Amino acid sequence: MPVSEIAGNEGTAARIASGIGELDRVLGGGLVPGSTVLIGGEPGIGKSTLLLQAAGGMAAAGSRVLYVSSEESAEQVRLRADRLGLAEQAELFVLSDTNLARIVEQTRRVSPSAVAIDSIQMVYLGDMAAPPGSVTQLRRCASDLVFLAKATGIAVVLVGHVTKDGQLAGPRLLEHVVDVVLGFEGDRSHAHRVVRAIKNRFGTTLEIGLFEMGGEGLAERPEGALGALAAGHASRPGSVVCPVVHGTRCMLVEVQALTATGFLGAAKRKASGVDSNRLAMLIAVLEQHAGMRLADRDVFASSVGGVRVAEPASDLALLLAIAGSERRRGLPTGTCAVGEVGLGGEVRAAAHFEQRLREAMRRGFACAIVPRESAGAGPSGISLIGVRDVGQALEHLSETPASL
Ligand SMILES: Nc1ncnc2c1ncn2[C@@H]1O[C@H](COP(=O)(O)OP(=O)(O)O)[C@@H](O)[C@H]1O
Ligand SMILES: [Mg+2]
């Protein structure tokens with residue numbers, strides 16, 4: 001068939017939106033009818049909560065949704081729906097079952113726009129000897145559900161548990177069967193959560209969705225974890241704010257570093273939420289081009305709020321955080337940093353420069369340390385300090401009050 005004769009509105013026309021902007025954006029605008037989505041995440045991270053809220057949102061917008069729980073009773077789901085304020089949704093149907101044949105039959109009977117299976121690991125087909133959660137059961141159940149989606153046009157959402165390192169056989173082996181794979185991440189001891197697309201046949205995988213977990217469920221946090229007063233925080237040694245770009249969006253993220261006494265030859269370098277290769281490179285640049293001796297210093301670096309900071313544009317912020325921690329100096333209050341650092345210690349222009357500075361300005365930052373070549377390019381309203389190399393950048397770190 002010539003490509004021009006194939007109906008082309010799949011993926012753009014009738015997407016089913018959940019009304020949760022942070023989730024819909026990651027999906028590329030909502031669920032595509034007839035597609036299958038897998039949401040992976042550690043147990044207890046909030047997958048059921050997210051899914052029930054999304055189901056409630058779709059039901060509120062008039063799309064019928066069937067939420068199948070294979071782990072909880074219908075009463076438990078009802079209690080959660082009460083807590084999330086979704087108990088009055090007439091188009092939200094709940095089924096508690098683990099037998100896939102019955103689930104498929106009920107789905108065909110209810111005829112929803114979308115069906116959610118929470119979780120795929122607890123579902124089984126009775127005609128197979130293998131236990132629920134085994135590789136054979138998972139493969140068969142998932143492919144049956146993909147077939148159901150394609151045959152009926154119902155969007156299918158599967159929940160899969162993964163272990164801390166994301167390695168459990170289950171969800172991984174389903175990744176190639178489904179159309180979209182979302183990762184739901186976060187630290188159970190913190191409230192922030194991030195939804196990220198790992199694979200998406202209908203959209204970009206650059207977008208992320210930001211949430212905060214609370215008693216009433218997940219609340220959207222489009223601005224990231226940096227509080228409203230971010231710019232007014234007294235600056236701290238080892239902490240620098242950087243505007244980072246994820247997909248179409250720019251947000252401010254705090255990058256932190258800590259240097260401590262280590263052992264020559266066995267100094268630790270730990271990165272969490274920042275790129276470990278760039279961390280190693282920036283330490284070498286500080287050694288070679290700023291005369292800073294870090295060979296026997298442990299260096300820990302992290303991004304705050306669960307947003308991964310891996311862009312070259314965040315080099316300067318991370319470098320200033322490391323140097324600031326080592327020298328116990330911080331940037332002046334209300335100052336952020338943007339720029340790529342080269343191996344020669346030079347500070348280079350970053351992509352999306354204007355977008356980053358506009359966001360910093362909007363969030364109340366009055367000043368930014370930027371590459372010299374970009375210093376004339378920013379929006380008016382934020383003062384730019386151009387630096388040519390790492391040495392010049394370090395001059396802007398100043399002593400901070402002893403009370404900090
Ligand atoms: N009754 C409750 N009140 C407040 N928070 C709750 C309640 N029940 C669950 N939670 C929150 O939701 C989290 C579990 O979410 P859940 O959606 O069940 O996770 P998952 O499905 O990924 O295992 C808990 O860690 C807790 O933070
Ligand atoms: Mg659950």
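This is a predicted model: local features need pLDDT of at least 70, side-chain atom pairs count only at pLDDT 80 or more; totals for chains, interfaces and linings use all residues.
**Cores**

I started with the largest nonpolar core, which has 42 residues. L286, L316, L319, L320, I322 and L394 have the most contacts inside it. Then I checked where its residues come from: β8, β10, β11, α7, β13, α8 and α10 each supply at least two. Helix α8 (315-327) gives the most, with eight residues. I also looked at the domains, and this core takes at least three residues from each of domain 1 (3-220) and domain 2 (230-399).

Leaving out residues up to four places away in sequence, L319 touches L282, V285, L286, V341, V390 and L394. Apart from this core I found another one, of 37 residues, with A81, L86, A197 and L218 among them.

**Salt bridges**

My search of the whole structure turned up 23 salt bridges. I went to R249 and E22, whose closest N and O atoms are 3.4 Å apart. This pair joins distant parts of the chain, with R249 in strand β11 and E22 in helix α1, 227 residues apart. R249 is buried at 12% relative accessible area, and E22 is buried at 2%. I noted that E22 and R249 also belong to a salt-bridge network with R25 and E207.

Next I looked at R80 and E72, which pair at 3.0 Å, N to O. R80 is buried at 17%, and E72 is buried at 18%.

Definitions and conventions. Residues are numbered from 1 along each chain as its sequence is written. Chains are lettered from A and ligands numbered from 1 in the order in which they are written. Side-chain values use heavy atoms; hydrogens and water are left out. A nonpolar core is a set of buried Ala, Val, Leu, Ile, Met, Phe, Trp, Tyr and Cys residues joined through side-chain atoms within 4.5 Å. Buried means under 20% relative accessible area, exposed over 50%, partly exposed in between (1.4 Å probe, protein chains only). Helices (H or I, at least four residues) and strands (E, at least two) are DSSP runs, numbered from the N terminus. Domain bounds come from an automatic or database domain assignment. Contact means heavy atoms within 4.5 Å. A salt bridge is a side-chain nitrogen of Lys or Arg within 4 Å of a carboxyl oxygen of Asp or Glu.
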